[in-house]
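Please read it alongside the sequence and the structure.

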Amino acid sequence: MMARTNNTEMPPSDALLKVVAELSKYPQWILLSHEQPDGDTLGCGSAFYRFAARFGKSARWMGPDPIPGSYAFLPGSDRYEVARDLSATEESLLVFIDTTTPERTLSVSGLSGLPSVNIDHHGDNSRFATVNLVDPHAGATAELAWEILRRMGGSLSLDEAMGLYAGLVTDTGRFSYSCTTPRSHRIASDLLERGIRPELMDLLLYCNLNPQALRLRGRAFSKLDYDPDRGIAFTWLSKSDFEETGADFSETEGLSSDLLRIRDSQFSALLVENNSSVRVSLRSRGKISAAEVAHKHGGGGHPNAAGMRLSLPIERAIDIFREEMREFHG
Ligand SMILES: [Mn+2]
């Protein structure tokens, strides 16, 4: 477990000040969220986007995949642009948000020659931008975004606070993961001072499922394969599970974490058939590194939560994964 030494009174890092200077210098920001966007990349994007308007900057907010319906409440999400590629100029600043590598968002032509900042908390971030603010001790990129915006413009508006709170709550697992620090709670406290109502945010973020989503979960739970000796939970969803329940792909969110609600469980894997590949979500309590398993298959993430995509038929992916799990040592 990482040391919980971060707090809001820490002196700002050079990288943080450089990001603030870059954002102040450029009149246009291009805010980039990652593929299959989550609450953190979208919440921060939303906060930066709304802040830009208040701060006299023009901004675009973009990503390769649409915003899931459950995050449509985020301020500015109606202006989000879905694109696969982008040609930018030197007049605008590219702002990569919560993005481990540039490949995780839309492809920017001539990226290496363009001004860019990279704001992230993934330890395996490839530090690809001209200025890199990568802090693996941050529970969410939203914590870094809060530090940046606070230094740029004093107190935050309620709209901006909403985005940051959404990022903070979702990436810390409602303040339950080991990445949650005193700093996470101090930032949450500040956001509550800005007018955030936690019960309302909980409704928006977590009480938004439809019956199809619950039926889909039922399918995944009923196929559960559990190894009590090593605490490994494993299940999968195939195309027919989606067709027969009417649920869609985004409705698997949170499912792999639910598998770890089994007493004494250590590790979970959820395989989901998606078009011609299989998306794998891994969750761990720490004995087995989810990131290590994901890296072996070209994926990435944190020790406690990681993922990858296998270009295999689902049946084959299940076999391979079962085999591999026999070799895991917790
Ligand atoms: Mn994040």
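Val-117, leaving aside neighbours within four places in sequence, is in contact with Val-19, Glu-22, Leu-93, Val-95, Phe-96, Ala-129, Val-131 and Leu-133, where two residues are in contact if their C-beta atoms, placed from the backbone, lie within 7 Å. The model is a predicted one, in which local features need pLDDT of at least 70 and side-chain atom pairs count only at pLDDT 80 or more, while totals for chains, interfaces and linings use all residues. Residues are numbered from 1 along each chain as its sequence is written.

Val-117 belongs to strand β7 (residues 116-120); helices (H or I, at least four residues) and strands (E, at least two) are DSSP runs, numbered from the N terminus. Because 24 other C-beta atoms lie within 10 Å, Val-117 is buried. In these terms a residue is buried if 20 or more other C-beta atoms lie within 10 Å of its own, exposed if 12 or fewer, and partly exposed in between, with C-beta atoms placed from the backbone. Between the C-alpha atoms of Val-117 and Asn-132, which are 15 residues apart along the chain, the separation is 5.8 Å.

**Nonpolar cores**

A nonpolar core is a set of buried Ala, Val, Leu, Ile, Met, Phe, Trp, Tyr and Cys residues joined through C-beta atoms within 7 Å. The largest one has 53 residues, and those with the most contacts inside it are Leu-31, Phe-48, Val-95, Ala-145, Leu-164 and Tyr-165. Apart from this core lies another, of 29 residues, among them Ala-233, Ala-294, Ala-317 and Ile-318.

**Helix packing**

Two packed helices are described by the angle between their axes and the distance between the axes. The axes are lines fitted to C-alpha atoms, for helices over the stretch in contact, and angles run from 0 to 180 degrees between N-to-C directions.

| Helix pair | Angle | Axis distance |
|---|---|---|
| α2 (residues 39-54) and α4 (residues 158-171) | about 165° | 7 Å |
| α1 (residues 14-25) and α3 (residues 141-153) | about 55° | 10 Å |
| α2 and α3 | roughly 10° | within 9 Å |

Angles under 35 degrees count as roughly parallel, over 145 as roughly antiparallel, 65 to 115 as roughly perpendicular and the rest as oblique. Helices α2 and α4, with an angle of about 165°, are therefore roughly antiparallel. Helix α2 passes α4 in a left-handed crossing; a crossing is left-handed if the near helix is turned anticlockwise from the far one by less than a right angle, and right-handed if clockwise. On the α2 side the contact includes Gly-39, Gly-43 and Ala-47, and on the α4 side Gly-163, Ala-166 and Gly-167 are among the residues. By class, this contact has five nonpolar, six polar and five charged residues, where Ala, Val, Leu, Ile, Met, Phe, Trp, Tyr, Cys and Pro count as nonpolar, Asp, Glu, Lys and Arg as charged, and the others, Gly among them, as polar.

Helices α1 and α3 are oblique to each other, and their crossing is right-handed. Their contact is made by Leu-16, Val-19, Val-20, Leu-23 and Ser-24 of α1 together with Glu-147, Ile-148, Arg-151 and Met-152 of α3, and these residues divide into six nonpolar, one polar and two charged.

Helices α2 and α3, in turn, are roughly parallel to each other. Among the residues of their contact are Cys-44, Ala-47 and Phe-48 of α2 and Ala-142, Ala-145 and Leu-149 of α3, and by class the contact holds seven nonpolar, four polar and two charged residues.

**Individual loop residues**

Most residues other than glycine have a negative phi, and most peptide bonds are trans. Asp-98, although not a glycine, has a positive phi of about 65°; Asp-98 is placed in the loop between β5 (92-97) and β6 (107-109) and is buried, with 31 other C-beta atoms within 10 Å. Phe-175 also has a positive phi, near 65°. The loop between α4 and α5 holds Phe-175, which is partly exposed, with 14 other C-beta atoms within 10 Å.

Pro-27 lies in the loop between α1 and β1 (28-32). With 12 other C-beta atoms within 10 Å, Pro-27 is exposed, and, not counting residues up to four places away in sequence, Pro-27 touches Lys-57 and Ser-58.
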